[in-house]
Amino acid sequence: MLREIRPAVVLLLLLTLITGLAYPLAITAIAGVIFPDQAQGSLIRRDGKVVGSALIGQQFRSDQYFHGRPSATTAPDPNDSTKTVPAPYNAANSGASNLGPTSKALADRVKDDVEKLKAEKPGSPVPVDLVTTSASGLDPDISPEAALFQVPRVAKARNLPEGRVRALVNDNIRGRLAGLLGEPRVNVLALNLALDAASRSAGK
Amino acid sequence: MTAIGWIQIILYCAIIVALTKPLGWYMTRVFNGERTFLSPVLRPVEAGLYRISGVDDKREQHWLTYTVAMLLFHVGGVLIIYGLMRLQAFLPFNPAAQSAVAEDLSFNTAISFITNTNWQNYGGESTLSYLVQMVGLTHQNFLSAATGIVLAVALIRGFARASMRTVGNFWVDVTRCTLYILLPICIVYALFLVWQGMPQTLGDYVEAITLEGARQTIAVGPVASQVAIKMLGTNGGGFFNANAAHPFENPTALSNFVQMISIFALGAGLTNVFGRMVGNQRQGWAIFSVMGVLFLAGVAVTYWAEANGTTALNALGLTGGNMEGKEVRFGIIASSMFAVITTDASCGAVNAMHDSLTALGGMIPLINMQLGEIIIGGVGAGLYGMLLFVVLAIFVAGLMVGRTPEYVGKKIEAREVKMAMLAILVLPLMYLGWTAVAVVFPPAVASMANAGPHGFTEVLYAYTSATGNNGSAFAGLSGNTFFYNLTLASAMFVGRFFMIVPAMAIAGSLAGKKSIPPSNGTFPTTGGLFVGLVVGVILIIGGLTFFPALALGPIVEHLAMTQGAVF
């Protein structure tokens, strides 16, 4: 049995160097050359400044923007480091509500949100993704229904024709891969960037 | 439920079936020490590793030596991870200036990664430096996966060999598994994931100013290299807190589909390795069929439950199923499939939050783990877990017809049955025992995030996941406390090694037996009758063990939910 000790130490260290250092560093180097954009986090720049990542949702509260899904991410409480405070779309601390199917807190929160949205657009069914929190708290997408639901509000706030805004939504709908995998969706940040561009050209 | 959903399930199954044979063929060559197309490049590296570390690749080991070598290897792994986590503040590759991780959390994480559990009491982007993620976690993702695979191979050799004292050489098996199987696949896979949008950088977290003018700090890192082995090795420990639900850890529907395939690929291939090594591939397909039946049953239930949604939200007029804790790009079907697949195998990665699944939708992952994760299973661990059930099923069949039971030419005798029972009974002892303690220990009860039966399910799920070395969680439970860090670590340790050692004892005792040619009285182990018998034994043993606990958790919660109750 004693003869097993040398490989247990030496082989472990060698394999650690290969799989824990050589492998990730090699992948980093190769990826940096062939997929530099993705490797850095698919960052989006506007006027030279980073405004976010194409893959990471961000919070939109203004009526002038399409809103993403509710986010349950948190951040440490600045007054008490043992506690956390809500911090939607905190991309340095992903997380979910983890509330279950019989949670009163969840049912009450969703009820409030549904009532607000019904007041905003009476008579339309509320899309479920617009009132439920995502698994990561950073979901970049909403369903096409959830985007179309918000068209009248955004058009009014921006003073744009509803048809123009609806066309922007339709341009930003991405379908299933090969008609099969995934769900139809709209990237909220991409849509809002297109919206800003449209407002700017309309203002000119 | 939709037609597109079912087509995705069928496509997934078809791809796994198609991969099983070529992977089995390749892995068999690797573990038989034969040449492969990678040998010209890798053989010199392999020989160099043996020379430096003093391994004689011609010398095989007795099962006990093989097991001791494996245990020694793990002692070193614990020390490396624990040391790196405690010292990360003083080490390089720490752009976010993470400070030392607490003793109990470091211990829990070290045990978690060497046992292939990868339970996340740590927060990923908020706790660990890049160095810990790479050298600590990525390396152990490789080695714990390789360990699972080679232990299954050693057990297969026990069935395949006759009148031999040895079951292989642990060092050679681990090295070949890492170099010839895991690394080459991961290199291609990691680059594919970067192409899909996964970050792979050692740079700082990115500071963005959002369209509304707020600051957003975006965590990045060497993600793809870790996620590739995390999925392929059924490890499941995430780079980010939200695991495979995080858009950087699973950017697209395609990355999601490939990740699901990679969870099952090697485990499915091992059933074919088994068939090839015992000299009849149909033996492998019979085991594969048992797994397939149980997999489809689980997917059907979870998909149905999630598509139906919850009573409380449906009452508000919402349609479209249970989207709380799910991502839009995956939707109901890809989230339901992922939840079942990750718990059939001992992966434990999640692309939707299991805590927010419906009661019945979340019960299936729980059952999958309580059955011992034998449906494809963790790389290797699933196959040796399944073979333990096969030993029992053969024994039961032998009792019914009054003959000494045989399996692939080996007599199954008292020693094998005792060892199989020991391994199978240790699992419920851990997860039911610790759950019982936790639900009457006030500090442990305080960790529950949900009230009512769901809180009980959170605790039961945590210990089941730890014991089964899965690592997925009903993540509302605040597991990063002294009590949970230590008790979960003990469940992970016992769940892994008290299954491995009896399995290896069986391997050793089978290898030493003579091989008996099949006769007219031999129970055929390749047909539908055998498949049905094994499924029956699994469900009866499993059902008797954990049905009472399920009744207190998800079953009562489902009944309460349909009455409109909330807690």
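User: Which strands form the open sheet in chain A, and in what order?
Analyst: In this predicted model, three strands of chain A make an open sheet in the order S5-S7-S6, with antiparallel pairing.

User: Which are the edge strands?
Analyst: Strand S5 (141–142) and strand S6 (173–174) of chain A, each of which pairs on one side only.

User: How many bridges join S6(A) to S7 of chain A?
Analyst: Two bridges, and the strands run antiparallel; S7 covers residues 185–187 of chain A. Arg174(A) has Arg185(A) in S7(A) as its bridge partner.

User: What packs on the sheet?
Analyst: Helix H7 (residues 188–203) of chain A does, touching S5 and S7 of chain A. The direction of H7 makes about 60° with that of S7(A).

User: Switching to chain B. At what angle do helix H5 and helix H17 cross?
Analyst: The axes of H5 (residues 130–160) and H17 (residues 482–511) of chain B cross at roughly 30° and come within 7 Å. Angles under 35 degrees count as roughly parallel, so H5(B) is roughly parallel to H17(B).

User: Left-handed or right-handed crossing?
Analyst: H5(B) passes H17(B) in a left-handed crossing. Residues making the contact include Leu151(B) and Phe159(B) of H5(B), and Ile500(B) and Met504(B) of H17(B). By class, that contact has 11 nonpolar, two polar and one charged residues.

User: And how many residues of chain B are in contact with chain A?
Analyst: 104 residues of chain B, in contact with 87 residues of chain A.

User: Which helix of chain B gives the most to that side?
Analyst: Helix H6 (residues 170–196) of chain B, with nine residues. The side of chain B that touches chain A has 62 nonpolar, 34 polar and eight charged residues.

Key
Residues are numbered from 1 along each chain as its sequence is written. Chains are lettered from A and ligands numbered from 1 in the order in which they are written. This is a predicted model: local features need pLDDT of at least 70, side-chain atom pairs count only at pLDDT 80 or more; totals for chains, interfaces and linings use all residues. Two residues are in contact if their C-beta atoms, placed from the backbone, lie within 7 Å. Helices (H or I, at least four residues) and strands (E, at least two) are DSSP runs, numbered from the N terminus. Ala, Val, Leu, Ile, Met, Phe, Trp, Tyr, Cys and Pro count as nonpolar, Asp, Glu, Lys and Arg as charged, and the others, Gly among them, as polar. Axes are lines fitted to C-alpha atoms, for helices over the stretch in contact, and angles run from 0 to 180 degrees between N-to-C directions. Angles under 35 degrees count as roughly parallel, over 145 as roughly antiparallel, 65 to 115 as roughly perpendicular and the rest as oblique. A crossing is left-handed if the near helix is turned anticlockwise from the far one by less than a right angle, and right-handed if clockwise. Two strands pair if DSSP finds at least two bridges between them.
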